[in-house]
Amino acid sequence: MWDAPSVTEPINATVLVPASKSLTNRYLVLAALADGPCTIHNTLISRDSELMLDALAALGVGVERTVQDDRSTTVRLTPPAAAGPRQGIVHIDCGLAGTVMRFVPALAAALGVSAHFDGDAGARVRPMRPVLDALAELGARIEYAGQPGFLPFTVHPQQLGQRPEVRIDASGSSQFISAMLLAGPALPGGLRLRAADGAVASPEHIQMTVQSMNELGATVSTDPDARGWQVAEGRLPAFSVSVEPDLSNAGPFLAAALATAGTVRIPHWPRHTTQIGGRWRQILPAMGARVELGADAVLTVRGTGTIGGIDYADAAELTPTLAALCTLADSPSRLTGIGHLRGHETDRLAALERELTRVGATVQATEDTLRIIPPATRRAADMLSYEDHRMATAAALIGLVTPGTRVENIATTAKTMPDFARMWEAMAATAGTADTPAAGAPSSHTAAGGSADAAAGGRA
């Protein structure tokens with residue numbers, strides 16, 4: 001149990017958040033399909049990205065990393081010399097990383113590598129069937145060691161062929177579609193992909209995949225209804241790219257400004273982004289914050305002493321932080337369109353219902369909705385993380401204004417933010433400090449977080 005720091009005065013912090021996990025792992029996969037060595041600056045180094053780097057190395061990708069003077073990490077990847085069937089089976093540890101367990105099977109098949117996949121106990125209950133069925137439709141052989149559609153399994157590429165169209169049920173995760181799109185350039189004849197009838201979870205992550213691929217030299221088109229995609233065959237040109245900061249991971253720190261009526265600044269905030277975390281610029285003002293993105297790319301969020309409830313749809317991975325903030329509000333909230341979160345690191349809707357109830361909130365979780373009535377008086381509790389980094393950071397937000405809160409296994413935040421506990425404690429330590437200039441001016445405020453990494457996304 002981690003004793004979550006609590007404060008009684010406004011915080012006043014500049015927080016340097018690490019790079020985006022979603023963009024990092026997409027760039028890493030695309031580098032494996034390039035026609036020459038690729039360089040990724042400001043690469044996230046966390047459990048998820050390390051698992052991806054290990055997986056790529058197992059598939060034959062050369063990996064070389066360098067720590068820069070500003071403490072950011074640059075990774076240079078050399079793709080395999082040629083794709084095609086190879087002898088032997090490589091073993092891939094997925095941990096609890098959805099991007100590894102969903103993206104890498106398709107990549108392995110496209111590269112002609114037979115690969116066995118397994119991961120943490122929590123990963124063995126996360127659905128995989130849509131992407132594996134799609135690979136089987138293209139000619140791969142899937143060998144299950146347990147329940148079909150779940151880890152562990154082995155992908156044997158055999159002889160992949162072209163199909164007029166592949167359809168995928170993406171109601172459980174957008175990663176199924178992203179996995180096939182990312183592998184598409186290396187598939188014979190490319191790929192024509194359609195989402196099956198029904199909901200598409202987190203479509204913004206699919207948009208991120210498509211934009212990243214096109215920016216780095218792939219040719220991907222999207223149907224007018226945004227439910228179909230065409231990927232042209234061909235190796236990507238070698239590229240150099242810098243990863244944006246993780247805007248979703250910035251969320252708990254920004255929410256802390258509202259929770260404490262304080263001020264939080266995040267440097268290197270992109271003016272335009274495909275990350276869903278970019279929505280904090282709309283969500284937080286709707287709940288009472290003052291939000292400004294300066295010409296110096298510093299996002300400043302100031303709490304006003306009032307936190308209003310919100311009716312919000314499709315918050316996706318922002319939901320745990322948003323739900324915690326709703327617990328601190330002065331009126332009820334409703335979060336809808338989030339049923340797919342039941343298949344993430346844990347059943348997040350059920351977990352949020354249980355944990356927010358512990359602190360006194362009235363919470364009702366339906367199939368795809370959370371209804372939250374804030375408590376008249378919050379109470380301290382031991383909050384569980386469920387091996388889920390976003391549940392842990394949401395609990396830390398509750399603890400910031402609820403003395404005596406403890407969080408189980410805060411180290412699970414290493415999945416995407418290895419230094420979270422220290423960053424959070426450093427932010428809390430700024431409570432009661434005087435107002436200071438925004439980041440970029442001569443600094444007298446306290447900065448919490450990692451290095452001032454290069455964060456401009458796009459092709460260099």
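User: Before we look at this model, what do buried, exposed and partly exposed stand for?

Analyst: Buried means under 20% relative accessible area, exposed means over 50%, and partly exposed lies in between, with a 1.4 Å probe and protein chains only. In this chain, buried residues make up 60% of the 460 residues. Please keep in mind that this is a predicted model: local features need pLDDT of at least 70, side-chain atom pairs count only at pLDDT 80 or more, and totals for chains, interfaces and linings use all residues. Residues are numbered from 1 along each chain as its sequence is written, and side-chain values use heavy atoms, with hydrogens and water left out.

User: How many helices and strands are there?

Analyst: Both are DSSP runs numbered from the N terminus: helices are H or I with at least four residues, strands are E with at least two. Here the chain has twelve helices and 24 strands. The radius of gyration, taken over C-alpha atoms, can be set against the globule rule, 2.2 Å times the number of residues to the power 0.38. For this chain the radius is 22 Å, close to the 23 Å that the rule gives for 460 residues, so the chain is as compact as a globular protein of that length. Its C-alpha atoms fill a box of roughly 65 × 50 × 40 Å along the principal axes.

User: What share of the contacts joins residues at least 24 apart in sequence?

Analyst: A contact means heavy atoms within 4.5 Å. Among contacts between residues at least 6 apart in sequence, 72% join residues at least 24 apart.

User: Which residues have the most contacts inside the largest nonpolar core?

Analyst: A nonpolar core is a set of buried Ala, Val, Leu, Ile, Met, Phe, Trp, Tyr and Cys residues joined through side-chain atoms within 4.5 Å. The largest one here has 80 residues, and those with the most contacts inside it include Leu77, Val100, Phe117 and Ile177. Helix H3 (residues 98–111) gives the most to this core, with ten residues. A second, separate core of 75 residues includes Leu254, Ala323, Cys326 and Ala396.

User: Where does Pro152 lie, and which bond joins Leu151 to Pro152?

Analyst: In general, most peptide bonds are trans, and most residues other than glycine have a negative phi. Leu151 and Pro152 are joined by a cis peptide bond, with omega about -5 degrees. Pro152 lies in the loop between strand E8 (141–144) and strand E9 (153–156).

User: What is the phi of Ala297, and what is that of Asp314?

Analyst: Phi of Ala297 is near 65 degrees, a positive value, and this residue sits in the loop between strands E16 (290–293) and E17 (299–302). Phi of Asp314 is near 60 degrees, also positive, in the loop between strand E18 (311–313) and helix H9 (319–327). Ala297 is partly exposed at 26% relative accessible area, and Asp314 is partly exposed at 41%.

User: Is Asp246 buried or exposed?

Analyst: Asp246 counts as buried, because its relative accessibility is 3%. This residue is found in the loop between strand E14 (240–242) and helix H7 (247–260). Setting aside neighbours within four places in sequence, Asp246 contacts Val17, Pro18, Ala19, Ser20, Lys21 and Gln275. Asp246 and Ser22 are 224 residues apart in sequence and 8.2 Å apart in space, C-alpha to C-alpha.
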